[in-house]
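Please keep the sequence and the model in view while reading.

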Amino acid sequence: MILMKLAIAMTLFVANSNKVTPPPKGYKLVWADEFNKNGMVDTSIWQFEKGFVRNNELQWYQTQNAWCENGKLIIEARRETRPNPVYKEGSNNWKEKRKDITYTSASINTRGKKAFQYGRFEIRAKIIAQPGLWPAIWTLGTHKEWPWNGEIDIMEYYKGDILANVATGTAERYKAKWFTTKKPYTSFNDPDWDKSFHTWRMDWDEHFIRLYVDDLLLNEIRLSDAVNPDGSNPFQQPHYLLLNLAIGGDNGGDPSNTPFPSRYEVDYVRVYQKIQTL
C-alpha cells in the first residue's frame, strides 16, 4: 500500500511539474513557453545562433543541440571534433584561426519575435555546475548596439559562481559598465544543488531591476544608476530573451576534464506584466 501511494504521488508530481500556475497577484501572464511538444524548438518564437559567436568561446552553436523532450527544453553541450567550415589558414580572427571544432552546443533567442518592456520574468531551469560550462538566461535591448542596448543576466554560472548582472554602455565602444553580483555555488551548502531545478526571476519596472534565484534576492539595480554616457537608458525599452550553454571562452573556464555530453534543461519561460488599472 505504501509503495502504491508513493507511485501515485510521483505520477501526480510528474504530471503537474510543468503546470501553469496562477499569475502573481496584480500581474497577468502575457507570454510563456512550456516546451510541452516533443521535438524541434518552436521557431515561430525562437531563433538559433550559429557557429562561433562571442567571447572566444569554444563551442560551435548549431540547431542539432537543442530540442524539446518530456516538457523540457534540452540544450546539450557535446565534445566532438570536426573541421571548422570558416577556417582560414594564417587568420588572426579567433573564429577563423581554429582548424577544428572541438565542442558543440546551442543558443536560442526571441529577437525580432518576442520582446517585453518591464514585468516579471520567471524561468525554471537546471544547470550543471562543472568547470568550463557557462549556462545563461539573459536579455538584450532591441535598439542600439551592445552594450548601449543594455544587457540583463538573469542567470549565469561559471567558475563556481552564480552571477546576476546588468550592463550598460561606456564611452569606449564594446566596453560595458557592469553591475555584478556573484554568489559562490558552495554557499548553498548543498553539493547536489545542481541536480535539481531552480527558479530564476527578474522583477523589472520603471525604477528597479531585481534578480532572484528561488526567491533569494541576488542583485538590485536602480534604473537611474544604469544609464549610458549620453543619458539614454537601455532599460526603458523592450528586451528579448536568450538561453544558451557556452563552453570555455573568456569566462567559462577549462572544460577539458568535464564529462560530456552535458545538458542544460529549462522547464518553462514565463513573462508576467502588471495589470493596468484605470
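In which strand is Phe179 found? Phe179 is found in strand β12; strands (E, at least two residues) and helices (H or I, at least four residues) are DSSP runs, numbered from the N terminus. The model is predicted, so local features need pLDDT of at least 70 and side-chain atom pairs count only at pLDDT 80 or more, while totals for chains, interfaces and linings use all residues. Residues are numbered from 1 along each chain as its sequence is written, and side-chain values use heavy atoms, with hydrogens and water left out.

**Confidence**

- The average pLDDT of the chain is 92, and 92% of the residues score at least 70; pLDDT is the predictor's confidence in each residue, from 0 to 100.
- Over residues 1-18 the pLDDT stays under 50, and the model has nine contacts beyond four places in sequence for them. A contact means heavy atoms within 4.5 Å.
- Where pLDDT is low, the predicted coordinates should not be read in detail.

**Overall form**

- The secondary structure of the chain comprises two helices and 17 strands.
- The radius of gyration of the chain is 19 Å, which agrees with the value near 19 Å for a compact globule of 278 residues. This radius is taken over C-alpha atoms, and the globule rule is 2.2 Å times the number of residues to the power 0.38.
- The C-alpha trace spans about 70 × 50 × 40 Å along its principal axes.
- Of the 278 residues, 50% count as buried. Buried means under 20% relative accessible area, exposed means over 50%, and partly exposed lies in between (1.4 Å probe, protein chains only).
- Among contacts with a separation of 6 or more, 69% join residues 24 or more positions apart.

**The seven-stranded sheet**

- Seven strands form an open sheet in the order β2-β7-β16-β9-β10-β11-β12, with antiparallel pairing. Strands β2 (47-48) and β12 (176-184) are at the edges with a single partner strand each, so one side of each has no neighbour in the sheet.
- Two strands pair if DSSP finds at least two bridges between them. Strand β11 (residues 161-169) is joined to β12 by nine bridges, and the two run antiparallel; Thr168 stands opposite Lys177 in β12.
- Beyond four places in sequence, Phe179 touches residues including Ala164, Val166, Thr168 and Ile221.
- Phe179 and Glu69 are 110 residues apart in sequence, and their C-alpha atoms are 35 Å apart.

**Strand β17 and its partners**

- Strand β17 (residues 262-274) is mostly covered, with 10 of its 13 residues buried.
- Strand β1 (residues 27-33) pairs with β17 in the antiparallel sense over six bridges, and Trp31 has Val271 as its bridge partner in β17.
- Seven bridges link β8 (residues 119-126) to β17, also antiparallel; Phe121 stands opposite Val271 in β17.
- Five bridges connect β5 and β17 in the antiparallel sense, and Ala77 stands opposite Ser262 in β17.

**The nonpolar core**

- The largest nonpolar core has 54 residues, of which Trp46, Trp200, Leu243 and Tyr264 touch the most other members. A nonpolar core is a set of buried Ala, Val, Leu, Ile, Met, Phe, Trp, Tyr and Cys residues joined through side-chain atoms within 4.5 Å.
- Trp46 touches residues beyond four places in sequence, among them Trp31, Phe35, Ile108, Leu243 and Val269.

**Loops and backbone details**

- Two peptide bonds are cis with omega near 0°: one runs from Trp146 to Pro147, the other from Phe260 to Pro261.
- Pro147 lies in the loop between β9 (133-141) and β10 (151-158), and Pro261 lies in the loop between α2 (249-252) and β17.
- Tyr118 is not a glycine, yet it has a positive phi of about 75°. Tyr118 lies in the loop between β7 (107-109) and β8 and is buried, with a relative accessible area of 17%.
- Asp215, also not a glycine, has a positive phi of about 70°. Asp215 is in the loop between β14 (208-213) and β15 (216-222) and is exposed, with a relative accessible area of 62%.
- Gly90, in the loop between β5 (72-83) and β6 (100-105), counts as exposed because its relative accessibility is 71%.
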